[in-house]
Amino acid sequence: MSPGKVLQPVLKMKVDELFLCWLSQPATQLMLKDCLRRIKDEEKTEIGSGDSGNSKNERITNKNPDQCVLGDTRLPLLSFNSPQLSTALPLATPAGPRNASNVRATRRSSGTTVVQTKKEETLPPSLSQNIPTFYFPRGCPKEKVNIDAVIAKIERTFSEFPNERATLEDMGKVAKACECPLYWKGPLFYCAGGERTGYVSVHKFVAMWRKILQTCYDDAAKFVHLLMNPGCNYLVQEDFIPFLQDVVNSHPGLSFLKEASEFHSRYITTVIQRIFYTVNRSWSGKITCNELRKSNFLQNVALLEEEPDINQLTEYFSYEHFYVIYCKFWELDTDHDLYIDRNDLARHNDHAISNRMIERIFSGAVTRGRKAQKYGKISYADFVWFLISEEDKKTPTSIEYWFRCMDLDGDGALSMYELEYFYEEQCQKLDNMAIEPLPFEDCLCQMLDLVKPQYEGKITLHDLKRCKLTNVFFDTFFNIEKYLDHEQKDQFSTLRDEGDSQEGSDWERYATEEYENLVAEETASDLWDDGYEAELNPVDHQKANVLKYQMGKRRFFEMPSHLAGVDLEEYDYEEDFE
């Protein structure tokens, strides 16, 4: 034994030693054999446990009242003849043959147990009945809901339609009769079976809606029930396709897309990814009622009716944001197969992202499915998550996105080794740019002062979510362009800029700027093709507004013609996102 090492007892080994010692004693072995024999003869014992058995026990007990026979082993009984015990513990009845037999039966009924087990005391039912119900997975029930009145209103609405049958175009009135937002009309229609027949009868719809009113008590539970597959209590990405297709077909802000039906699936895929990016906080790929209830998605769905300009709904439905994301992906996807590899993604923003971070993205840390690891490619849906996380590193999802990438060993914390691993490539890029890099020790001190971790020697996800400058932290380790931009500013000016720009998130500002640049490029290209000179600055403001949507459409129409055959079934969601 090495000097200074203290011996510590091992409790389990001592218990095992005592058990083996007890088991090896002859009395113990005889008792166990007798117990085993009695277990085998249990049925015979139950049959012969009548009066004859009692008389036999009486004879045995009377024969030697001071000993108890257990197989071949005689164990002396404790004597209760002490005058002190007799006075302190008086017996209810005098000891006789019958009582002795009862003692014998009682001891035999205990079987192999040496100590009788205490009977569990059940709690009185009044204690449990006083606890009110506090868990409502389908919403808290409302007492004042008159289901019959709602059903009567729905029946009056259906009476206005021919044969009391409503088509998808009629479901807007039905949604209002159900006291639902207008764009719930698609889910209401499909949940009632309208997709199969092309219409919904009043009886089928009333039966469906009555069941929902009786089991779902808030909007989140109702919406999930309308969209989910039978037998599920959550929503997957495919469940949103019919709902969003109806939005594309009927919203006035997307009327121009009717001429470009081949791009419906692109827009729908973008919106679905943004929904899961914001709502699915568990990263499970399944949106539950609770997650939907905590988000603002249903409020945005209600705003679709009030806001004719789809671009004002910047969190999910903005066409301008979709246009920016898709154009950025189109620039990287050189072969236009809707997948990009490591080299394609590395060209984003002029090779600003480090190669080590690119490898982490393709390792499967933040992508769904196995294509990233198996084929070395990510889909357009994965790129949506990447671009939003890259341009806005302050949201909870983006912080989790980059934390997963930097956590190489998956232990839930960023060690100093992991930080140094990513910073090494930043130093190499700075050397190639003839810029002297900051030593890692000095950089580490700055980052620790910035984040102020709770535990020394590691940075947790909770630490980063408390930090107000997570974008500075992440850019320092894998985005060289933004790192240099931050180096030209001090932390106080950065915080001051953040306080002055509260009108929108970093992503919204980026998308607005990029969309204006894309529109300007399209305008310049069109004017050049029409024979105008290069002086383009005096463009009328009204003309620019009119061209906004037109420029968005024209880039799509100029793409190769082989994309014209794309439909909603193009994406294999099960393979890409499982």
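I will start with how to read the model, then go to the aromatic pairs, and end with charges over rings.

This is a predicted model: local features need pLDDT of at least 70, side-chain atom pairs count only at pLDDT 80 or more, and totals for chains, interfaces and linings use all residues. Residues are numbered from 1 along each chain as its sequence is written, and side-chain values use heavy atoms, with hydrogens and water left out.

There are 37 aromatic pairs in the structure. A pair means rings of Phe, Tyr or Trp (its six-membered ring) with centres within 6.5 Å; planes under 30 degrees apart are stacked, over 60 edge-to-face, and the rest tilted. One of them is Trp402 with Phe478: the ring centres are 4.7 Å apart and the planes are at 35°, so this pair is tilted. It links distant parts of the chain, with Trp402 in helix α23 and Phe478 in helix α27, 76 residues apart. Helices here are DSSP runs (H or I, at least four residues), numbered from the N terminus.

Are these two buried or exposed? Buried means under 20% relative accessible area, exposed over 50%, and partly exposed in between, with a 1.4 Å probe and protein chains only. Trp402 is buried at 0%, and Phe478 is buried at 0%.

Phe473 and Phe474 form an edge-to-face pair, 5.4 Å centre to centre with 70° between the planes. Phe473 is buried at 0%, and Phe474 is buried at 0%.

Last, charges over rings (NZ of Lys or CZ of Arg within 6 Å of the ring centre and within 35 degrees of the ring normal). Arg404 lies over the face of Trp283, 4.0 Å from the ring centre. The charged end of Arg356 sits over the ring of Tyr421, 4.3 Å from its centre.

How values were computed
Helices (H or I, at least four residues) and strands (E, at least two) are DSSP runs, numbered from the N terminus.
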